[in-house]
Amino acid sequence: MAHSSLRLLAEDEADLSIISAAVQDAIFKVSDAVWSPAKRRFTLRLQRFVWEAGVEKGAGQRVWAAVAFDSVLSVQSKKVAQSRRDAFASLLAITFEPEEAPGGKVRLGLADGGEILLQVECIDATLADLSEPREAVARPKHDI
């Protein structure tokens, strides 16, 4: 099946849940998480698992992608190895916690209890694939 590059825009919680599903189990280097305070932009370059292609056999595919959040006021993190810029993290989900409308907190939940928390004026996110897919080393698995 031919790969169709994803390009998604999120302006509300429902849109953000679609981006979250697309980046579930993405992996990234800590150094690929970039906060630009002057631009009020947080970007994350990652290798996302191509869930939409389906996995009938083999390990599936991964593609380089970027997710960007605009209108970001601040960024905090918990249990992220910032001193080890070559360390990898696994993104599990992106959620939104509304506060004073239209603002709130965008939470990037990571494996092993880590998180990146973005204080935003509003939901303004984009996801774009940057490469052709390639064979994944392994298919993501979760203990339920």
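Student: Where does S71 sit in this model?

Tutor: In this predicted model, S71 lies in the loop between β5 (61-70) and β6 (72-78).

Student: Why is S71 called buried?

Tutor: Set the value against the cut-off. Buried means under 20% relative accessible area, and S71 comes in at 14%, so S71 counts as buried.

Student: Which residues does S71 touch, leaving out those up to four places away in sequence?

Tutor: S71 touches R40, Q119, V120, E121, C122 and D124.

Student: R40 is on that list. Why is R40 called partly exposed?

Tutor: Buried is under 20%, exposed is over 50%, and partly exposed is in between. R40 has a relative accessible area of 32%, so R40 is partly exposed. The residue belongs to the loop between β3 (33-36) and β4.

Student: And what makes K79 exposed?

Tutor: Exposed means over 50%. K79 has a relative accessible area of 63%, so K79 is exposed. You'll find K79 in the loop between β6 and β7.

Student: Which residues touch the most other members of the largest nonpolar core?

Tutor: F69, L91 and L108 do, in a core of 32 residues. Elements that each supply at least two residues of this core include α1 (13-23), β4 (41-49) and β7 (88-98). Not counting residues up to four places away in sequence, the contacts of F69 include L16, F42, I94, L108 and R40. In general, nonpolar side chains tend to be buried together in soluble globular proteins.

Student: Let's zoom out. How many helices and strands does the protein have?

Tutor: The count is 1 helix and 11 strands.

Student: How do you know that the protein is as compact as a globular protein of that length?

Tutor: Compare two values. The radius of gyration is 15 Å, and the globule rule gives 15 Å for 144 residues, so the protein is as compact as a globular protein of that length.

Student: How much of the protein counts as buried?

Tutor: Of the 144 residues, 39% do. As for contacts with a separation of 6 or more, residues 24 or more positions apart account for 66% of them.

Key. Residues are numbered from 1 along each chain as its sequence is written. This is a predicted model: local features need pLDDT of at least 70, side-chain atom pairs count only at pLDDT 80 or more; totals for chains, interfaces and linings use all residues. Side-chain values use heavy atoms; hydrogens and water are left out. Helices (H or I, at least four residues) and strands (E, at least two) are DSSP runs, numbered from the N terminus. The radius of gyration is taken over C-alpha atoms; the globule rule is 2.2 Å times the number of residues to the power 0.38. Buried means under 20% relative accessible area, exposed over 50%, partly exposed in between (1.4 Å probe, protein chains only). Contact means heavy atoms within 4.5 Å. A nonpolar core is a set of buried Ala, Val, Leu, Ile, Met, Phe, Trp, Tyr and Cys residues joined through side-chain atoms within 4.5 Å.
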